[in-house]
Amino acid sequence: MSKFPITLHRNPKFRSAIIQAVLVLVVVYSFYSLYQTTIFNLEERGIKTSTSFFDQVAPFKVGFSPFLNFELGETTYIEVFYIGVLNTILVAILGIIAATFLGFFIGILRSSNNWLAQKFALTYVEIFRNMPLLLQIMFWNFAIFLAFLPPPKQSLEFGAFYLNGRGLQTPVPIIENNFLFKVWLSVVILSVVASFIFRSWAKKRRNQTGKSLPVLSISLSFVIIVGISAFYILGQPLTVDMPVLGKFNFKGGGQLPLPLFSLWFALTIYTSAFIAENVRAGIASVSKGQIEAARSIGLTRPQMVKLIIIPQALRVIIPPTISQYLNLTKNSSLAMAVGYEEVVAVWANISLNQTGQALIIIAMTIIFFEICSLFTSFILNIYNRRIQIAER
Amino acid sequence: MTKSDSIIKISKLNKWYGKFHALKDIDLSVGRTEKIVICGPSGSGKSTLIRCINRLEVHQEGSIQVDGIELTDDIKQITEIRSDVGMVFQHFNLFPHLTVLENCSLAPIWVRKKSKVEAEEMAMQLLEKVRIPDQADKYPGQLSGGQQQRVAIARALCMQPRIMLFDEPTSALDPEMIKEVLETMIELADSGMTMIVVTHEMGFANRVADRIIFMDEGQIVEQNDPESFFKNPESDRTKLFLSQILDH
């Protein structure tokens, strides 16, 4: 105990408490006055903020809605919101998957000893990382795909897929018999479960006896054989609707519209350049000593990559890559430039213009992106913690 | 030592780093269970020499035979030699993401195709031999430098090598920890292991070495048994080196 008690204004704890309290007050008051002003301004213009427009019929057409049925004159505003949300999630998931694979591939090329591969990857990264994304989306859509893809009659053929200036025509699976389809699906799921059980058994066996089995190829062929034979035994509960070229356009099948394709393409290319840099940094972070030690105990190159390099590199690669996934999701809102109907386009733009319900619409859009990002970080942080914890 | 009894045969070995001539016409043969200490000033090529033996460095001219196998670009032969030649590094190079036990059992499981149970049993025996069995479940980052180096020795021994290479194993350690590592190495030497040790620990050299090699500027300047080496060094360069490291 000091002889003289510290006066209140010189006590650091008291000071920081006061500063924080003042800050909270300022923030709360700012939000409150912002809210009041907006409500007041909207009411001035005769707009009463309410959610009653949710159930009104939307007077405009949404062309691309693969998950929910869109019917002009029936679909309501809130359904338009759902369609937009699902379209955003669709392009984000497709983009994240493709950007991850492409990014890892380019990143590995960038770290390779091959001069040509290295320089190619470097050029790739520098070109696509340094150009504004909006420009890239417009470039791929207008300057490349729209300009060079043929009309439907001369579509480029990739098996059952047809690529033309309107988009990608794909076969669509159609469930013929719902009950039998569910039976077939459960058989497939059961065989996957069985191969996981097989995998853990094989691992246990290896721990005890040192004998290893080609687990992946055995389980893969097992699942494929079971899946195909069950499919025919159950009398093909699933058929495929193939796209067929009609007089002017395709009939049947499904269509991934060109804007989705261009957007997905641009997001993938752009984000993969950043992921490639993360991968390069991760690989570079594994010290030379680790590689020498791995070689000195006789590990082969693939074993070294799998057991020593990847586990250590992933700890460096994952945290910044999570940010890239979030960026990709948010960047998908630039789709407005090419007319892909994601949430910002159909909800925060068209629906807002139609109804004037700025407060609710913007708030819902913000909340959607927040939830999306928080969910993505949450999932990946669980994974991240699992691999980070290993060091200590 | 007869020629047929040698486990490592190096002849006319030359290595360049770009234009720098790192090893010049090295001839060396090492007998089974022989202990060799290599010393010399920094940059004299001593680390490069032993790193050529398990092909962490690639030589350009001459030949290296380890236990009858010629070192070439053949990956299979290189892997075979590496699994028979243990190496201990100056900076330990333990795998930070694996526990001490996993560090030791990794290569027996993946290279020797042993069962995990068997590999861990042997790893525990060797960890007991280097006197740190109680640290088996810790991660390398939680150990002192001396303990880490002893784990590194155990990791190399887990492959049951016929030859052990030590690349300045005590240079990165505090004085107190040098002793514990040297004791482990002396025990290993007494057990009859073939050892090539790059070190400046002259006490250790005097105690265990069958032969001391002095290198300078990529060449073997002088080699002799410890007694003659310390008492009657032949070349002036050796005399100068010894006076510098012994007189302080």
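**Close-up views of a predicted two-chain model**

**View 1. Salt bridge between the chains.** In this predicted model, A:Glu292 and B:Arg51 form a salt bridge through their side chains, at 2.5 Å from N to O; the term denotes a side-chain nitrogen of Lys or Arg within 4 Å of a carboxyl oxygen of Asp or Glu. The count between chain B and chain A is one salt bridge. Chain B contributes 29 residues to the contact and chain A contributes 26 residues, where contact means heavy atoms within 4.5 Å. About 2500 Å² is buried between chain B and chain A, with carbon and sulfur atoms giving 57% of this area; buried area is the accessible area (1.4 Å probe) that two parts lose on being put together, summed over both.

Residues are numbered from 1 along each chain as its sequence is written, and chains are lettered from A and ligands numbered from 1 in the order in which they are written. Local features need pLDDT of at least 70, side-chain atom pairs count only at pLDDT 80 or more, and totals for chains, interfaces and linings use all residues, while side-chain values use heavy atoms, with hydrogens and water left out.

**View 2. The six-stranded sheet of chain B.** The strands of this open sheet follow the order E6-E7-E8-E3-E9-E10, with mixed pairing. Strand E6 (85–88) and strand E10 (219–224) of chain B each have a single partner strand, so one side of each lacks a neighbour in the sheet. From one strand to the next, the twist averages 20°. Helices (H or I, at least four residues) and strands (E, at least two) are DSSP runs numbered from the N terminus, and two strands pair if DSSP finds at least two bridges between them. Five bridges link strand E7 (residues 163–167) and strand E8 (residues 194–198) of chain B in the parallel sense; B:Leu165 has B:Ile196 in E8(B) as its bridge partner.

**View 3. Helices lying across the chain B sheet.** Helix H9 (residues 236–246) of chain B lies across strand E3 (35–39), strand E9 (211–216) and E10 of chain B, at about 100° to E9(B). Axes are lines fitted to C-alpha atoms, for helices over the stretch in contact, and angles run from 0 to 180 degrees between N-to-C directions.

**View 4. A helix pair in chain A.** Helix H9 (residues 301–331) and helix H11 (residues 358–388) of chain A pack at about 170°, their axes lying 10 Å apart. H9(A) and H11(A) are therefore roughly antiparallel, a term for angles over 145 degrees. Among the contacting residues are A:Leu314, A:Ile318 and A:Tyr325 of H9(A), and A:Phe369, A:Leu380 and A:Ile387 of H11(A). By class, this contact has 11 nonpolar, seven polar and two charged residues; Ala, Val, Leu, Ile, Met, Phe, Trp, Tyr, Cys and Pro count as nonpolar, Asp, Glu, Lys and Arg as charged, and the others, Gly among them, as polar.

**View 5. The four-stranded sheet of chain A.** This open, antiparallel sheet has the strand order E1-E2-E3-E8. At its edges, strand E1 (156–158) and strand E8 (254–257) of chain A each pair on one side only. E1(A) pairs with strand E2 (residues 161–164) of chain A over three bridges, and A:Phe158 stands opposite A:Phe161. The hairpin of E1(A) and E2(A) has two residues between the strands, and A:Gly159 in the turn has a positive phi of about 60°. E2(A) and E3(A) are joined by three bridges, with A:Gln169 as the bridge partner of A:Tyr162. Helix H7 (residues 258–284) of chain A lies across E2, strand E3 (167–170) and E8 of chain A, at about 50° to E8(A).

Conventions
Parallel < 35°, antiparallel > 145°, perpendicular 65-115°, else oblique.
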